Amino acid sequence: MYSYIALEEPIYYAPVGYDGSIANRYSKYMVTLPDGREYRTLDMNFKHQMNEIFIDDELKLLGGRLTLDAGLRYLMITRWATNLIPGVTHYNVGGSYSQPLPQVSASYQITPNDQIYIDGTTSYRAPASVQVYGEVFSTSSPNPASKQSSLKGEYAIGEEIGYRHYSTVNVALSLFNYNITNNQITSSQYINGIPLPSPIEAGGKTSRGAQGEIGLRPWHHWSPYVSAQYLHATTDNNIIKGNDLLPTRGKRAVQSPEFSAAVGISYDDGSVFGNFAFNYVGSQYSTIMNDEKIPGYETANITLGYRMRKLWFAEHPQFQLNVVNIGARNYLSGFQSISTNAKATRGIYGTTIAGSSPLYLSAGGVAAIASLSTGF
């Protein structure tokens with residue numbers, strides 16, 4: 001496998017009118033410097049090249065009831081970036097990353113409808129944001145507001161063991177364990193009022209838990225479904241903050257609800273169709289120190305529709321109505337940014353580490369979407 005990406009990453013400014021609209025939406029009439037250059041606070045040329053080779057083999061034993069599979073991928077990533085803003089500390093930056101990624105699996109067919117399995121997997125992710133290679137400037141200071149990061153790639157090893165049953169009622173149960181090195185937490189920071197990706201490296205992370213789901217094949221056109229997951233995710237080490245360490249070892253991992261569940265039911269008789277889905281997501285920490293979190297929340301969505309067989313030259317015209325977030329209320333549904341600690345905290349070496357507040361996303365209201373489609 002091979003991929004190549006080349007892109008420009010500029011942040012520039014345009015004058016606005018009294019109604020808030022910009023002078024031109026096609027990058028004309030930008031704010032310029034005295035020498036005629038466009039005024040930019042980020043100007044980066046970025047290239048990404050990925051090569052991946054893999055090999056895989058499968059072995060069947062015991063009359064085909066036991067299946068063994070093993071494979072190896074080797075991932076190679078190279079990135080080049082040029083910071084074109086005058087006065088940057090690093091003009092040519094980038095990084096090279098390579099990682100072997102083995103995986104194994106075994107499954108045993110107990111009966112034609114029952115199977116047990118065990119998987120061992122690995123995964124790798126290079127620094128998640130283009131901006132980690134650049135230097136972003138603020139309009140209020142000549143010094144970079146965001147400097148080149150020294151983020152390392154994230155590496156994970158996972159194991160899963162489970163059971164599956166296929167019949168009128170489908171059942172899947174599993175236990176899982178994941179160990180992550182150089183865990184990258186997706187976050188952002190505001191510079192000049194613009195949210196820019198700013199991943200946080202949070203050291204090691206361990207995630208363990210159980211999940212299960214039960215679904216019924218269509219019975220008199222009805223198909224109910226239930227799933228649930230328990231997750232115990234923790235930070236494995238103390239996090240460097242300035243010249244000290246935050247006592248984060250053993251804290252619950254951010255963005256990791258302990259319990260989540262979903263219930264749904266669908267109906268389809270070939271003409272009338274619809275479904276209802278209810279989801280629950282437990283509380284989640286927004287700081288690595290666990291001193292701030294959002295409460296759990298519930299969402300519900302419904303779909304109703306009618307499908308015709310044929311109408312003149314139209315094949316199976318269909319009307320559909322989706323209602324999203326039924327019973328909507330004001331709640332926090334996610335994170336714009338994560339922080340290490342929201343409150344001032346005493347570090348391992350005794351210094352007081354100032355806190356910074358995370359930023360949250362608020363859920364939207366009820367939305368109704370109607371659509372009409374057909375084939376010809």
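Residues are classed by relative accessible area as buried (under 20%), exposed (over 50%) or partly exposed (in between), with a 1.4 Å probe and protein chains only. The model is predicted, so local features need pLDDT of at least 70 and side-chain atom pairs count only at pLDDT 80 or more, while totals for chains, interfaces and linings use all residues. Residues are numbered from 1 along each chain as its sequence is written, and side-chain values use heavy atoms, with hydrogens and water left out.

The count of salt bridges (a side-chain nitrogen of Lys or Arg within 4 Å of a carboxyl oxygen of Asp or Glu) comes to 6. In one of them, Arg 125 and Glu 154 meet at 3.3 Å, N to O. This pair links distant parts of the chain, 29 residues apart: Arg 125 lies in strand S5 (residues 114-125) and Glu 154 in strand S8 (residues 154-165). Strands are DSSP runs (E, at least two residues), numbered from the N terminus. Arg 125 is partly exposed at 32%, whereas Glu 154 is buried at 13%.

Glu 52 and Arg 73 form another salt bridge, with the closest N and O atoms 2.5 Å apart. Here strand S2 (residues 40-61) supplies Glu 52 and strand S3 (residues 66-83) supplies Arg 73, 21 residues apart. Glu 52 is buried at 9% relative accessibility; Arg 73 is partly exposed at 27%.

Glu 38, Arg 40 and Asp 43 are linked in a network of salt bridges. Within the pair Arg 40 and Glu 38, the closest N and O atoms are 2.8 Å apart. Arg 40 is partly exposed at 25%, and Glu 38 is partly exposed at 30%.

Notes
Helix = DSSP H or I, 4+ residues; strand = E, 2+ residues; numbered from the N terminus.
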